[in-house]
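We will go stop by stop.

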Amino acid sequence: MFVVSAFEIGLTALLVGAGTYLLSRSVLVAGFLAVMSVTTAPAATQMVIRECQSEGPLTDTILPLIGINNLLAIVVFILLGNLLPDAAGSVSKTVYQLAVPVGLGIGIGVLTAVMDQRLTRQVDRQILVLAAVFISVGLAGFLEVSAMLATLFAGVATVNASPFRDRTIKDLSVVDYPLYVFFFIMAGAELHLESLVHMGWIGAAYVVLRSGGKYFGCTLGAFAAGASHVQKRWLGPAMLAQAGLAIGLAGTLARSWPGPGQSIQTVVLAAVVVFEVAGPFLTRWSLVNAGEVTVLNLMALRSPVGFTEGLGLAVHQVKDAFGIALSGAAGQRAGICVSHIMRRNVEPIPNDTPFDEVLKALGHSRYDQLPVVNRQNELVGVIKYTDIADTLFEPGLRHIVVAGDIATRVPLKLTPDDSIETAMAALKKHSGNTWLVVVDKNDPKKLLGMVRHNEVLSTHLYQDAESNRR
């Protein structure tokens with residue numbers, strides 16, 4: 001993660017900084033624009049991921065990278081702020097502006113993690129987390145330090161100190177939609193289309209160089225980190241969205257550095273119009289092409305019925321309520337098959353992978369079983385947690401055992417054309433499987449993806465409900 005981040009941040013900041021310096025001839029202007037180019041919009045990206053219900057290695061990489069980008073951008077922005085002509089910055093002031101929000105955030109985060117364990121009701125835990133945010137912002141304002149840095153570290157401390165961090169995030173996700181709506185209203189109010197006219201050459205260079213830096217930086221970083229082909233290709237476009245943090249930093253700079261700061265704000269606001277419009281579309285496009293969004297989820301993003309069909313169903317419902325016989329039944333939908341709910345971006349492990357690397361892969365995998373392939377990329381079996389239990393208790397075997405030695409035959413294989421009913425029947429025969437392997441119909445050794453058992457169950461229930469409704 002840090003290798004990818006180093007390449008992405010370094011190349012983006014280098015290109016934007018060098019390009020804007022040649023046009024502005026100001027080190028500070030170029031420096032601030034370079035810092036703001038690094039930021040990526042977490043809210044817009046998070047909402048795209050949640051809307052598409054995306055899951056996979058690319059999805060797991062995007063959000064941590066955004067956190068690293070924004071953390072570094074805030075810190076460097078504070079450091080550059082003390083170099084402004086009227087800042088009268090000193091070492092002690094710089095240390096204060098960095099240490100106080102970090103300490104404040106960590107303190108509030110740890111306290112939140114402790115209090116979270118004492119609460120049993122979901123609504124109480126939701127209020128606790130929201131209160132932690134408001135307290136962080138309020139104390140940061142009182143102490144005249146960065147509220148963004150304080151809340152960021154409060155979140156870091158909470159999820160790393162709490163034994164129930166998954167529950168905390170899940171509780172918050174129930175109530176955060178209104179907060180996102182308010183954010184987008186506020187961010188949208190800053191998207192002044194007329195600012196595009198005043199973008200100038202510096203603004204145009206900022207947009208082009210930031211896009212190139214993000215794309216090629218992520219690609220080079222993925223190569224250096226030994227990431228998968230999917231991440232090398234699609235990580236860059238998924239990191240282009242930019243909004244809230246850049247707007248906030250630009251506004252802060254415009255107030256503290258009249259003149260040049262306001263010019264930088266104009267450039268950033270104009271660029272945000274471009275990136276906040278195109279960024280979410282590119283993020284969604286990347287996730288879909290990476291195979292981490294199922295076809296069924298894409299279908300669900302559309303309205304389940306058209307307006308005409310909905311009107312017809314409403315009329316039929318009224319007739320039914322008054323006991324009037326229906327003249328005809330609504331048309332049946334095409335059946336849903338395995339290809340509609342499978343996740344295509346699955347990273348198998350080679351059969352010669354050492355045992356310790358297998359353990360590491362299982363520890364970071366969302367699956368409870370790992371597909372194992374040979375050098376010809378043919379599926380040779382799967383490794384489950386239960387398969388490695390005996391090996392764990394034989395220390396002498398750890399250095400000689402490889403993935404192929406403990407891989408077991410795949411008892412359950414599906415093909416993309418199989419119906420949900422076929423998948424349900426297979427699950428009944430192999431009830432212990434939580435993930436089902438999907439292979440090519442004509443080549444059972446060719447791994448195409450995996451399907452989660454609860455998605456099969458929920459889709460089956462959905463089909464039954466649709467049939468009953470119609």
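**Before you start**

This is a predicted model, so local features need pLDDT of at least 70, side-chain atom pairs count only at pLDDT 80 or more, and totals for chains, interfaces and linings use all residues. Residues are numbered from 1 along each chain as its sequence is written, and side-chain values use heavy atoms, with hydrogens and water left out.

**Stop 1: the whole chain**

Show the cartoon. The chain has 20 helices and 6 strands. Helices (H or I, at least four residues) and strands (E, at least two) are DSSP runs, numbered from the N terminus. Of the 470 residues, 43% count as buried. Buried means under 20% relative accessible area, exposed means over 50%, and partly exposed lies in between (1.4 Å probe, protein chains only). Contact means heavy atoms within 4.5 Å. Among contacts between residues at least 6 apart in sequence, 74% join residues at least 24 apart.

**Stop 2: helix 2 and helix 4**

Select residues 27-38 for helix 2 and 57-81 for helix 4. At what angle do they pack? The angle is about 160 degrees, and the axes are 8 Å apart. That makes helix 2 roughly antiparallel to helix 4. Axes are lines fitted to C-alpha atoms, for helices over the stretch in contact, and angles run from 0 to 180 degrees between N-to-C directions. Angles under 35 degrees count as roughly parallel, over 145 as roughly antiparallel, 65 to 115 as roughly perpendicular and the rest as oblique.

Now show side chains. Residues of helix 2, including Phe-32 and Val-35, meet residues of helix 4, including Ala-73 and Phe-77. The contact divides into 9 nonpolar, 3 polar and no charged residues. Ala, Val, Leu, Ile, Met, Phe, Trp, Tyr, Cys and Pro count as nonpolar, Asp, Glu, Lys and Arg as charged, and the others, Gly among them, as polar.

**Stop 3: Thr-40**

Select Thr-40, in the loop between helix 2 and helix 3. Is Thr-40 buried or exposed? Thr-40 is buried, at 2% relative accessible area. Its side chain makes a polar contact with the side chain of Lys-214, at 3.0 Å. A polar contact is a pair of N or O atoms within 3.5 Å; within protein, one must be able to donate a hydrogen and the other to accept it, and residues adjacent in sequence count only if both atoms are side-chain atoms. Next, find the backbone oxygen of Met-239, 3.4 Å from a polar atom of the Thr-40 side chain.

**Stop 4: Cys-52**

Go to Cys-52 in helix 3 (residues 42-52). Cys-52 is buried, at 0% relative accessibility.

**Stop 5: helix 5 and helix 6**

Select helix 5, residues 91-116.

**Stop 6: two loop residues**

Select Arg-25, in the loop between helix 1 and helix 2. Its phi is near 55 degrees, a positive value in a residue other than glycine. Arg-25 is exposed, at 60%.

Glu-144 is exposed, at 65%.
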